[in-house]
Amino acid sequence: MTPQAGLNVFHGEWDEDGVYFYQAYCDSIASWALEHQALGGPHFKPTRMTWIKPSLAWMLYRSGYGQKHGQTTVLKVKLPHSAVATLLSGSSCKQGGGGGWGRVQWDPARDLFMSEKAGQKRLPRKKTQRGIQMGLKGHLSELYVASIISIEDVTPLALMVKEAHSQKTEEEVRRAVAELIPLLPEEREYLPHCEESKLAELGMMA
C-alpha cells in the first residue's frame with residue numbers, strides 16, 4: 001500500500017492478535033516485568049508519563065542501543081488491537097509539553113538497516129519519513145499496563161544491531177545487518193482500529 005502524500009503512517013510489527021511496542025527500562029523494573037509478564041513492582045510508577053514506540057530502530061536510537069543509564073533493558077511489549085485503538089483515541093497530537101492524558105508525536109523515523117555517524121557515536125540513520133510515539137499518563141498509562149499480552153527481552157538483539165551499525169563503511173553495515181534479518185521485526189504499515197475522525201485528527205487519514 002502506498003501512503004497518501006502528506007499523511008503520517010504508523011509502521012510497526014503486528015499480527016491478528018495485536019501490535020508490538022518497545023520500551024527501555026532499568027534492570028530492576030525490566031526483570032520484574034519479564035518474570036511476571038506485566039509492568040509493576042516496587043520501582044515502577046504506573047501513573048507517570050510513559051512513552052511507547054512501535055519502531056525498534058527509534059527505540060535503539062533513544063536508548064543508545066540499550067546502553068543509556070536507566071534504559072539498559074529493551075523490552076518488546078505486545079498490546080491487543082483494541083487497546084491500541086483506545087489509547088490513541090484518548091490521545092492528541094502535540095509537540096512539546098502539556099496537555100491531556102495521551103500525546104502522539106511524529107518524530108523523524110530511524111533506519112534499522114543503516115547507521116550514521118554523530119560525533120563519536122554510531123546511531124540508526126535518520127529517515128525522511130516520520131514515526132509515531134505515544135506518551136501515556138494517568139488512566140491511559142494504567143490501561144496500557146493492564147492490556148499487555150506479553151513482554152520479551154530484546155536487549156541481546158539491540159546489542160547485535162549496535163555491533164552491525166558500528167561497522168566502518170555502509171557496505172559493511174549492510175552485510176552485517178543482512179545477517180540479522182531473520183531476527184529483526186517485520187515492521188509494516190498499520191491502520192489502528194480507530195474512528196476515521198480520530199485517524200484524521202492524528203494525521204493518518206485525509
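**Close-up 1. Salt bridge between E170 and R174 within helix α6.** E170 and R174 lie 4 residues apart in helix α6 (residues 170-178), so about one helical turn separates them. In this predicted model, their side chains form a salt bridge with an N to O distance of 3.2 Å. E170 is partly exposed, because its relative accessibility of 42% falls between the limits of 20% and 50%. R174 is likewise partly exposed, with a relative accessible area of 42%. Through salt bridges with shared partners, E170 and R174 belong to one network that also includes D111 and R125.

**Close-up 2. Salt bridge between E13 and K76.** The view shows one of 8 salt bridges counted in the model. The side chains of E13 and K76 meet at 2.8 Å, N to O. This pair connects distant parts of the chain, 63 residues apart: E13 is in the loop between β1 (10-12) and β2 (18-25), whereas K76 is in strand β4 (residues 73-80). Both E13 and K76 are buried.

**Close-up 3. Salt bridge between R110 and E116.** The closest N and O atoms of R110 and E116 are 3.2 Å apart. R110 has a relative accessibility of 10% and therefore counts as buried, the cut-off being under 20%. E116, at 28% relative accessibility, counts as partly exposed.

Close-up 4. S141 belongs to helix α4, which spans residues 138-147. With a relative accessible area of 0%, S141 is buried. Leaving aside residues up to four places away in sequence, S141 touches P46, T47, R48, T50 and L136.

Technical notes
Residues numbered from 1 in each chain as written. Predicted model: local features only at pLDDT ≥ 70, side-chain atom pairs only at ≥ 80, totals over all residues. Heavy atoms only, no water. Helix = DSSP H or I, 4+ residues; strand = E, 2+ residues; numbered from the N terminus. Buried < 20%, exposed > 50% of the residue type's maximum accessible area, 1.4 Å probe, protein only. Contact = heavy atoms within 4.5 Å. Salt bridge = Lys/Arg side-chain N within 4 Å of Asp/Glu carboxyl O.
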